[in-house]
Amino acid sequence: MAIIEIRDLDFEYSGETVLKDVSATIRQNDFVAIIGPNGGGKTTLLKLILGLLKPAKGTILVDGKNPQEASSCIGYVPQDVHINRSFPITVIDVVLMGLSRELGLLRRIRPHHLDKAMTCLARVGMDGFADRQIGQLSGGQQQRAGICRAMMLRPELLLLDEPFSG
């Protein structure tokens, strides 16, 4: 079964074509890498799959739905997260932000949420950094915390934009 179906996709920024006639089928359990030069449209394609941008032409289906309807099944780790290095938020807090869709703004974090976050941090070798301020981490460590944040709701689809840049 296809988790992503892209057909005849075009996209433009201010009249300049960035993607032209892109078609792809990505099935469940596939691991896919999108490679190309800087400015080649890789991040743009991910943003289209996420429903953050609208195609000029063509269709995208994620789990059989338009990207906006399917957003709850997608985990996303952006290419570059600009962090205010002095903002007092810990690694565990960043990871727990991955539950915001499930919890909303007013529900409290429960012990099982903390256990889940710590388990994820342990899987990426970051459990010893849970109480450290996110701005004190290296770029790679911040990315691992971002991966944990994206994994908190166990998404069906995980999109990583330049996951090895840090």
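The largest pocket of this predicted model has a volume of about 960 Å³. A pocket here is an open set of points on a 1 Å grid over the protein atoms alone, where a 1.4 Å probe fits, with protein on both sides within 12 Å along at least five of seven lines. Grid points are joined across faces, edges and corners, and the volume is the space filled by probe spheres set on them. The pocket is lined by 28 residues, and Asp 30, Phe 31, Val 32, Leu 158 and Leu 159 are the closest to its centre. Lining residues have an atom within 4 Å of a point. β1 (2-13), β2 (16-27), α1 (42-50) and β5 (157-160) each give two or more residues to this lining. By class, the lining holds 17 nonpolar, three polar and eight charged residues.

Local features need pLDDT of at least 70, side-chain atom pairs count only at pLDDT 80 or more, and totals for chains, interfaces and linings use all residues of this predicted model. Residues are numbered from 1 along each chain as its sequence is written, and side-chain values use heavy atoms, with hydrogens and water left out.

α1 is largely enclosed by the rest of the structure, because seven of its nine residues are buried (under 20% relative accessible area, 1.4 Å probe, protein chains only). These are Lys 42, Thr 44, Leu 45, Leu 46, Leu 48, Ile 49 and Leu 50. Their cover includes β1, β2, β3 (57-62), β4 (74-77) and β5. Gly 51 follows α1 and has a positive phi, near 85 degrees.

Notes: Helices (H or I, at least four residues) and strands (E, at least two) are DSSP runs, numbered from the N terminus. Ala, Val, Leu, Ile, Met, Phe, Trp, Tyr, Cys and Pro count as nonpolar, Asp, Glu, Lys and Arg as charged, and the others, Gly among them, as polar. Buried means under 20% relative accessible area, exposed over 50%, partly exposed in between (1.4 Å probe, protein chains only). Contact means heavy atoms within 4.5 Å.
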